[in-house]
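Here is a short briefing to read beside the structure. Keep the sequence at hand as you go.

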Amino acid sequence: MEGSSSNKFSIRRLTGSVTNRFGVTALLALAVLAPFLVQNDYYIQLCTEILIASLLAISLNFLIGYTGLVSLGHAVYLGVGAYAFALLTKNVYPSMWAGLIAAGASCALLAWFMGVFCVRLAGLYFAMLTLAFSQVVYTVAYYWRDVTGGDDGMLGIPKPEIGIPGAFSISLESFTNFYYFVLIIVAALIFLAWKIANSPFGRVLQAIRENPERVEFIGLPVHRYKLYAFIIAGTLGGFAGGLYSTFQGYISPDLLYWTQSGEIVLMTILGGMYSFLGPAFGAGMLLFIRDTVLNFMEYWRIVVGGILVLLVLFLPGGILGFFEGWASRLSIGGNDGDDARS
Amino acid sequence: MELDVSFWLTQFLNGLANAMVLFLIASGLTILLGVLGVLNLAHGSFYMLGAFLIFSSSIIKNPSWFWVGLLFAPLVVAGFGTIIEAFCLRPLYGRERLYTLLLTYGFTLILDDLVLLIWGRDYKSVPIPALFEGRLTIGDFSYPVYFLFIIAVGPLLGVFLWFILNRTNFGKLIRAAATDSEMLDALGVNVNRVFTGVFALGAWLASLGGILAAPMRSVEPGMGVEIIIESFIVVIIGGMGSYLGAFVGAVLIGMLKAFGIEILENFAMIFIYALVLPILILRPRGLFGETTI
């Protein structure tokens, strides 16, 4: 019953029609114009959150969609990145760049350490070990009051201004400025992720997902490739955590709890793990649904859970995955992805 | 330092009582893993449902409330589990395991909010059933009777489960399905029905755990997602699919928590992870695990 290549979605290439130049340009234009379109501080903040969540979901997809490793502990990077940013900017030096670098670097180190152990396991054992590691970090953050503030969390995380000291500086206190700052960072990192995903290295990861034994036979070090994927995913997740920290201005150990990890997996699957931008789409969907439902009632998880159940049963390729498959069937006559096998 | 016997005995018994509740949840979880290969994230929700249903039956002003609840609530939850398995999980068995994981996560979200919707956000307390009120006193030592009841019920249910698995026809089918469900199917056995039965049995056990735990803990939404982590740890330690392992693992965790708290107050969980991480890394099949999943 282990996931096999007989699954009709698993042999599709990860470059769907949405990642073509026109689609990306349109999406970027939409993102740039968003603050003018919504004209409302509340929705600009929602868009900012969606951008950060998109980066987080795309980072997780390096493991799930590309390498075939289902991690149940990705919230650890959101949390550790957020705490690293908060601790550095509050206690050491209030600099946006230093904070973000601290967030990324701490998660790279953490992912390297965890990855050494995790990548040797497969399937459910991998999921369980990532879950266990993330819960360890959660426990530490929850009880180590002196440093993390315990379950009270940390308040008053700054939004340091950016610029060249003495020459000019840009305040990020306004919602619009901050939105554009996040957009530039997230777009740059997603572009980097896209470059990695479509490099020969990215192809090897997909080969590992399809058939690790065969990759081993070719003579490629599967464990090392998995470790690299693990570190890339963790580092990108850490940047998302750092951005989240400064965005919210408040963090708590809940960011590290296992249900948070489940939510990131949910975003990834909701959009479609076999398309590059699918997870970002899923992140937007989830946050939008939550926001919409919360206007009517507080029980948004019933709605999201119900959607997830229906999706798993009827649309396992995710929403964007479904439309991409549909579009590619129209254009190349239902033969999508078969060439990826030969 | 003076050795305070009655204090340590109390800690020991507390640990044992918690271990028995944990065993009820973990045993179902581990059988599900062994037979269906499903990591059921919603298993903690069944435990939560059991606790909330016994709270509702405790509102009835009749001394028999506990027994009525103990009899019917697990049946309700098991029926619920049957529906989930038959209609949602069954179509997914041929697919990647990620999908079953997601489906059960979806039900975790739904059930958590459903409980909020029906019972509200505030903490509930369930009274101790009349028959087990009071404390047992021997010399200087005194201990609540209800906890002793749980400590006795745990092994009894363990023996009952052992009997089902090893001495009944259904148990034989369960074990056969764990070894090779395709072969069992080829032999003309309705494997789907075995799977449904296993899932219902797991839900029954977990809700029973929730009922027994309700009078000694506060009943609240979110208790399900909390207990599932400890149950996973028990399953990892004992080995996925090993029911004896679940018992040993539960006792180990119960003791580590009871005594760990005395040594390092808030960091008792660290002891547990210190135990579980090396097991996962060095011997992922656990102490008693045979099935490779």
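Predicted model: local features only at pLDDT ≥ 70, side-chain atom pairs only at ≥ 80, totals over all residues.

The predictor gives the complex an ipTM of 0.86 and a pTM of 0.86. Chain A holds 14 helices and 2 strands.

**Confidence**

- Chain A has an average pLDDT of 84, and 88% of its residues score at least 70.
- Chain B has a mean pLDDT of 86, with 96% of its residues at 70 or more.
- Residues 1–18 of chain A stay under 50 in pLDDT. The model has 49 contacts beyond four places in sequence for this stretch.
- Residues 332–342 of chain A also stay under 50. Here the model has 11 contacts beyond four places in sequence.

**Chain A as a whole**

- Chain A has 342 residues, and 49% of them count as buried.
- Take the contacts in chain A between residues at least 6 apart in sequence. Of these, 76% join residues at least 24 apart.

**The nonpolar core**

- The largest nonpolar core has 197 residues.
- Residues with the most contacts inside this core include Ile52(A), Leu55(A) and Leu56(A) from chain A, and Ala51(B), Leu102(B), Val198(B) and Ala250(B) from chain B.
- Helix α1 of chain B, residues 5–36, supplies the largest share of this core, with 16 residues.
- Ala250(B) touches Ala19(B), Leu22(B), Phe23(B), Ala26(B) and Val234(B), leaving out residues up to four places away in sequence.

**Where the chains meet**

- How many residues does each chain bring to the contact? Chain A gives 35 residues and chain B gives 38 residues.
- On the side of chain A that touches chain B, α5 (123–143), α11 and α13 each supply at least two residues.
- Helix α5(A) gives the most to that side, with 12 residues.
- By type, the residues on that side of chain A are 24 nonpolar, 9 polar and 2 charged.

**Helix α13 of chain A**

- Helix α13(A) covers residues 300–314. At 1.5 Å a residue, its 15 residues should span 21 Å. Its end C-alpha atoms are 21 Å apart, which agrees.
- Which residues of α13(A) are buried? They are Arg301(A), Val304(A), Gly305(A), Leu308(A), Val309(A), Leu311(A) and Val312(A).
- Seen down the axis of α13(A), these buried residues fall within an arc of 165°, so they line one face of the helix.
- An α-helix has 3.6 residues a turn, so residues three or four places apart point the same way.
- Leu310(A) and Phe314(A) are exposed, on the face of α13(A) turned away from its buried side.
- The buried residues of α13(A) pack against helices of both chains. In chain A these are α11 (258–271) and α12 (278–296). In chain B they are α3 (65–89) and α4 (97–119).

**Helix α4 of chain B**

- The 23 residues of α4(B) should span 33 Å at 1.5 Å a residue. The end C-alpha atoms of α4(B) are 33 Å apart, which agrees.
- In α4(B), 18 of the 23 residues are buried, so this helix is largely enclosed by the rest of the structure.

- Gln39(A) sits in the loop between α1 (21–38) and α2 (41–67) of chain A. Its phi is near 55°, a positive value in a residue other than glycine.
- Is Gln39(A) buried or exposed? Gln39(A) counts as exposed because it has 8 C-beta neighbours inside 10 Å, and the cut-off for exposed is 12 or fewer.
- Leu72(A) lies in the loop between α2 and α3 (75–92) of chain A. Leu72(A) is buried, with 26 other C-beta atoms within 10 Å.
- Leu72(A) and Ser261(A) are 189 residues apart in sequence, but 5.7 Å apart in space, C-alpha to C-alpha.
- Beyond its neighbours within four places in sequence, Leu72(A) is in contact with Ala127(A), Thr130(A), Leu131(A), Trp258(A) and Ser261(A).
- Leu256(A) is in the loop between α10 (222–248) and α11 of chain A. With 29 C-beta neighbours inside 10 Å, Leu256(A) counts as buried.
- Leu256(A) and Leu78(A) are 178 residues apart in sequence and 7.1 Å apart in space, C-alpha to C-alpha.
- Not counting residues up to four places away in sequence, Leu256(A) touches several residues, including Ala75(A), Val76(A), Gly79(A) and Ser134(A).

Conventions. Residues numbered from 1 in each chain as written. Chains lettered and ligands numbered in written order. Helix = DSSP H or I, 4+ residues; strand = E, 2+ residues; numbered from the N terminus. Expected span 1.5 Å × (residues − 1). Buried ≥ 20, exposed ≤ 12 C-beta atoms within 10 Å, placed from the backbone. Arc of directions from axis to C-beta. Contact = placed C-beta atoms within 7 Å. Nonpolar A, V, L, I, M, F, W, Y, C, P; charged D, E, K, R; others polar. Core = buried A, V, L, I, M, F, W, Y, C linked by C-beta atoms within 7 Å. pLDDT = per-residue confidence, 0-100.
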